Amino acid sequence: MKRIIPCSYQAFYVLMFFCIGFLSSVRAQCLPNLGESSNFVLFTSNGAIGNTGTSIITGDIGTSVGAVTGFGASSVVNGVIHITNGATTQASTDLTAAYNQLNALTPTVTNHPAAFGTETILPGIYNTGGAGSVGGTLILDGQGNSSAIFVFKIGGALTVGAASTISLVNGTMASNVFWLADGAVSMGANTNMSGTIIANGAISMDDGGILNGRLLSTSGAIAIYNVVSNTQGIEIANAVGGTVFANQTICSGSAPANLTLSGNTGGVFQWEKASDAAFTSPIIIPSTATILSGTTIGNLTATTYFRAKVQSTNCTEAYSSTIVVTMGTITTWNGTDWSNGEPDASSVAIISDTYTSPGTTTPTDLIACKLTVTNNATVVIKFGDSVTLNGPLTVNTGSFVTFNSGANLLQSGTTNTNSGSIVIKCNSSPLKRLDYTLWSSPVANQLLQSFSPNTLSNRFYGYNTSTNLYQVVDPSTTNFTPLNGHLIRTPNNQSTTTPTIWTGQFTGVPNNGNYSIASQNFATGFRYNLIGNPYPSAIDIDSFIDTNIANGSITGTVYFWRKTNGASNGGYCTYNFGGFVGNNDQVMSSMPVNPDSNTNVVQVGQGFFVEGTGTGNVVFTNDMRINTSVNRFFKTTNTIERNRVWLNITNATGSFSQAMIAYMTGATQGIDPSIDGQLFSDGDLSLASRIGATSYTIQGKSLPFDMNDVVPMSFKVTTAGNYMITIDHVDGLFSNGAQTVYLRDKTTGIDHNLSAGAYTFTSASGTFNTRFEIVYQAALTVTTSTFNETQVVIYKTATNEISINTGNVVMSKVKIFDIAGRLLQEQKEINATQTLMKAGLSTEILLVQITSEDGVVVTKKMLFQRTSLNQDKKLIIKSQLAEDE
C-alpha cells in the first residue's frame, strides 16, 4: 500500500514554510454552504430518481424536474420525498452555488494519478484534470484533525469499482469529504462510499452499496439498487471557540506552562496574545495545535493574555475563552528582610547581602523560580535546609554561596542554565587515614586534586569496567565529570587511630538537568560501571533503578563502597528492590531514608556501582531529585510483601559477609533483574545463594512461600579454619519464629536449626558451591552418614600445626605419614571431632590417616607448606586497588 504525503518534513528548514503555507491554504479555502440541498440524501436539479430493490434511505429525496419512483413498500425512506416544490427550487439554486464554490478551490495536490487505488492519502484538494476512478480501499487519513478537508475535483466522469471502500481514519469526518465530478458518477456493486458527491451528470450506485453521505446532481438522473444510506457525521457544524486552560502566575523571564484548548468545534486557525484583555493589538502565534506549548510562547516578562481563534471547515469563526499569565513578584534580601515578602515558586529572588538559612530542627526551604546572588553577598545554606528553584541559580562575581553538608539544591528543567561558582560541602563517614570513599561531583569540572589536596596523588582511582579493576588517574589533570565516580583515599593528615568525619568541598557551577552515560558490558564479571549522583541534592535510588531498568541499561542492583582499609570484610554493600545487604560496617548498616517521603536515598557526592547491560545509556533526571533530611533506617513499603532472612558468615578474626533471601511480590524462581543482586565481593569471606551457576548476594523468591523450597548456598574462604553461619535478622513470615530456617550441611548430613542458634563448621580454603542449602523443614529421619574423605577438613595453622576436623564423626586416633610411607606423627585416644598435630620441618606432601571411634579408617592427602616464622609477613589481599600499610 502506498502512502501519498503532500507535505513532508524532510529538509525541514526548506519545507517548513511550504508546509505551514499548505495548511493555511487548505484552511482558507472553505467548504461550501450547501444550504437547502444539505437536507437531501438524494437530489437532482434536473432528472428522475429511481430505486430498484430494497433500499433504506435516511434523509430527504427530491428533484426539481422529474419523477421519483421505486420507493415502495419494500423500501424504507426516513425522510420526505419532494417533487418540484419550493424546497427543491431553493435546493437547486444552493447546489449550483456549492458546485461552483468547490470548482473554484485551488488544488493543493496536482500530481496524483487520476486513478485512486488501495492507498493512504492525507488531507488536500486533489485535481485529476480529467476523468477519474477509485478501486480498492482508499484510506483518508486526517492525522488526528477532525477538521481535515478532502476535496476531489474530477475533471470528467468518476468511476468507482465494485467492492471499493472509502475508509475514514484518524479524525476524518464524512462532512469534510467532497467528490466533485464534471460528468457522470458510476459506483459498482457493494461499494462503500463516504462523503458528498456532486456530479454535473447522472449518478448510479449498484447493488448492495453503502452510502455515508449524499448523492447530489446538478443535471442528471440518479439510480440506486438495494442501497443503504446514512447521514451520520455529514453535517458541517459552525465554529465553537471552546475553553483555554488555565490562568497562571509565572516567574518573570520564564515560559509559562502549556495552554490547552478543549470544547471547541472546528480546528485552531491561530493563537493570539495581547497585553490587554480586549486584545486591542493582538499578536498572532502561528500554531494550529490545541496545545500551545510554553516553548512556542517563549519567555514572558509582563502580564499577557491568550486566546485561540477557531475556524470550522465552512469558514465560520469563533474565539475561545481568554486566559491570563501574570508575572510573579521580584523580592530582594537586604541582609535583614525581603523587600517584597518571602519568595515563592513564581518569584524572582535576589540576595544582595549576607544570608544564612536558619538550620533549625525544622528544615527551611527557600523557594523561588530563580535566584540571583549579587553585590558581593555571602550565602550559607545550613544542614537540613534547602533551596528549590524552577529556573537558574546565578552567582555574580564577588558573591559566595555555600551549601553545607546535608543541605540540598533542587531544580527543574532538562538542561543546566546555572552560572557562577558555588561551594558544596559533603561529610564523609568516619574514616581513618588510609580509608577510601567513592565520590561523585555535584559541580562541573573540578580537578580531583583540588577536591582533596592532602590525598597522595597516587591514591585517586577511576574504574576500568573492561578489566574489572580500579586504575590510578592523575588528579592534577583529571576533572570530575557528571556521572563518573572516583575512589579517593582520605587526606594524609587524617587520624590513623580514630575514625573522623572528613568534609570534602566541591567548587564549581552546580549540575542541573538530565544526564546520561553509556552502559558498559564486557561480558559476565566485566560489566560493573562506577557512576554516582550528579546533583547537589539527594536522589531517590528506587526511582533511579525504575527508570534504568525500564530503558534496559542496568540489571537493577547498586553497590556502595564502605570499608576500613586493611579489613578482611568485603568493601561493598548491596541494594535493590529486594532489600539492603551490608558488610558489617556500622556507619552504613542500612540505606539512608527520607522520613518525609519514605524513599531510599543516595546522598550528595556519593558514588556507586551498577551492573551494566551494554544497552543504551544510564540516565539521571531531575525527577529523581528529592529534598531530604536523612535518618538511617530501612524503608518498609506496604504495597510490596517481603518475607526475608539475612544470613551472616563470620570467623573469630572478624571476617564477615552477608546474604539475603527474600520471598516477595514480583519475584520469580528465576532471575529477576530488579530483585536479584549478584555477588560483588573483594573480601576474605563471602556468602551467597545460587541461581543456576551464579552466586547472588540478594535472591528473590516467588510467593506464596513454599516450605518445601530449597535454596542452594555458596561460600568462599581464603583462610582455612572455623566459621559460623547465623541469622542476622528476619521480617515478614519469618518474624517471631513463625517459620523455622534450617541450614543443611551436605558434608556432615546435619540439618541445623538456624532460628535456634548459630552453626559452626570447619572449612579448608576455597570456594564451595554445593555444601550448604537453606531449607524450611528438617529431614523426617536422621541419616547416619558414612565416614569418608569429604567430611575431613585439614589445613595448616599460622603456627605450623595441622588442624584436623571430622565434622560430626569422633576420632579415635590419627597417624601422619610422608609420601614414602614413613610414620611422622601419631596421636591416640583423641575422642573429639577436631585436633591439632605437629608436622615436619619442611614443605612436603603428607598422608593423614584417621581412624574413627567405630574403627573406620580414612586417609587424606595434603600439601604441607612450612613457613619460617621469623620471616612471616602480613598477608595483603590485593583485590582491586593497592592496600596501604
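**A loop and its surroundings**

Tutor: Let's go to asparagine 736, which sits in the loop between β66 (721-730) and β67 (742-745). Keep in mind that this is a predicted model. The thing to look at here is the backbone: phi of asparagine 736 is near 55°, a positive value in a residue that isn't glycine. Is asparagine 736 buried or exposed? Its relative accessibility is 84%, and since anything over 50% counts as exposed, asparagine 736 is an exposed residue.

Now try asparagine 170, in the loop between β16 (165-169) and β17 (177-181). Asparagine 170 isn't a glycine, yet its phi is positive, at about 55°. With a relative accessible area of 47%, asparagine 170 is partly exposed.

While we're on the backbone, check the peptide bonds. Leucine 703 and proline 704 are joined by a cis peptide bond, with omega about 0°. Proline 704 belongs to the loop between β64 (694-701) and β65 (711-717). Another cis bond runs from phenylalanine 245 to alanine 246, with omega near -5°, and alanine 246 lies in the loop between β24 and β25 (248-250).

That brings us to β24, a member of an open, antiparallel sheet of 3 strands, ordered β24-β26-β29. β24 (243-245) and β29 (291-292) are the edge strands with a single partner each, so one side of each has no neighbour in the sheet. The partner of β24 is β26 (residues 259-262), and the two run antiparallel over 3 bridges. In one of these pairings, valine 244 has leucine 261 of β26 as its bridge partner.

Zoom in on tryptophan 179: leaving out residues up to four places away in sequence, its contacts include Val134, Leu138, Phe152, Leu158, Ile166 and Met193.

Finally, zoom out. The protein has 5 helices and 77 strands, and 50% of its 885 residues count as buried. Among contacts with a separation of 6 or more, 63% link residues 24 or more positions apart. The accessible surface is about 36,700 Å², with 52% of that belonging to carbon and sulfur atoms.

Definitions and conventions. Residues are numbered from 1 along each chain as its sequence is written. This is a predicted model: local features need pLDDT of at least 70, side-chain atom pairs count only at pLDDT 80 or more; totals for chains, interfaces and linings use all residues. Side-chain values use heavy atoms; hydrogens and water are left out. Helices (H or I, at least four residues) and strands (E, at least two) are DSSP runs, numbered from the N terminus. Buried means under 20% relative accessible area, exposed over 50%, partly exposed in between (1.4 Å probe, protein chains only). Contact means heavy atoms within 4.5 Å. Accessible areas come from the Shrake-Rupley method with a 1.4 Å probe; for residues, only the protein chains shown count as cover. Two strands pair if DSSP finds at least two bridges between them.
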